[in-house]
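This report describes the strand arrangement of the structure shown below. Please keep the sequence and the model in view while reading.

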Amino acid sequence: MEKKNTIEEKAKVAKVDKIFRLRTGIVIDHIPAFKSFEVVELLGLDHPGEGNAVMAIGVNLKSKKHTAKDVIKVENMRICKEEINKISMIAPRATVSMIRDHKIKDKIRVKIPDVVEGLLKCPNHNCVTNFEPVKTKFHHNSGQMKCHFCEKSFNLTEMKLL
Ligand SMILES: [Zn+2]
């Protein structure tokens, strides 16, 4: 009985490769558990594009440190720095690996941009951005997002995407 449990435990320590082996594309790792769907939406991967890329999403994978995470793999996808930094709004600790011929060619840690435009909703109900068709703009400083319009500061964790 005990032995069986150990095997089950080992199976839970899911490796990224268990989803599928990527020849060329990107791997977005260290997404908080169950947040991968938001990342998919943010990057527009929920709309079938011209490329019909194969995508795999691993949800609630147990890492070696016993913390749960999500992983997204997208075949043949290219991603620009701006898009990578967008991911930080949902997954501040995410990494993005570029895979070519089964090898990691580049690995980038997401970074919250100094200025975030048109992505986040201002939590201040009285803010002009919630009434007028203006593009929201926030200035980032150590996890605090300051609205350019109402000048109120919010923790990134309390912000919602537009
Ligand atoms: Zn505001």
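T95 has R109 as its bridge partner in β5. Strands here are DSSP runs of E with at least two residues, numbered from the N terminus. The model is a predicted one, in which local features need pLDDT of at least 70, side-chain atom pairs count only at pLDDT 80 or more, and totals for chains, interfaces and linings use all residues. Residue numbers start from 1 along each chain as its sequence is written.

Six bridges link β4 and β5, and the pairing is antiparallel. Two strands are said to pair if DSSP finds at least two bridges between them.

Strand β1 spans residues 25-32, and six of its eight residues are buried. A residue counts as buried if 20 or more other C-beta atoms lie within 10 Å of its own, with C-beta atoms placed from the backbone.

β1 runs antiparallel to β3 (residues 68-75), to which six bridges join it; V27 has K73 as its bridge partner in β3. With β4 (residues 95-100), β1 forms five bridges, again in the antiparallel sense. There, D29 is partnered by T95 of β4.

## The sheet as a whole

The five strands make an open, antiparallel sheet in the order β2-β3-β1-β4-β5. Because β2 (55-62) and β5 (103-109) stand at the edges with a single partner strand each, one side of each has no neighbour in the sheet. From one strand to the next, the twist averages 20 degrees, with axes fitted as lines to C-alpha atoms and angles running from 0 to 180 degrees between N-to-C directions.

How values were computed
A residue is buried if 20 or more other C-beta atoms lie within 10 Å of its own, exposed if 12 or fewer, and partly exposed in between; C-beta atoms are placed from the backbone. Helices (H or I, at least four residues) and strands (E, at least two) are DSSP runs, numbered from the N terminus.
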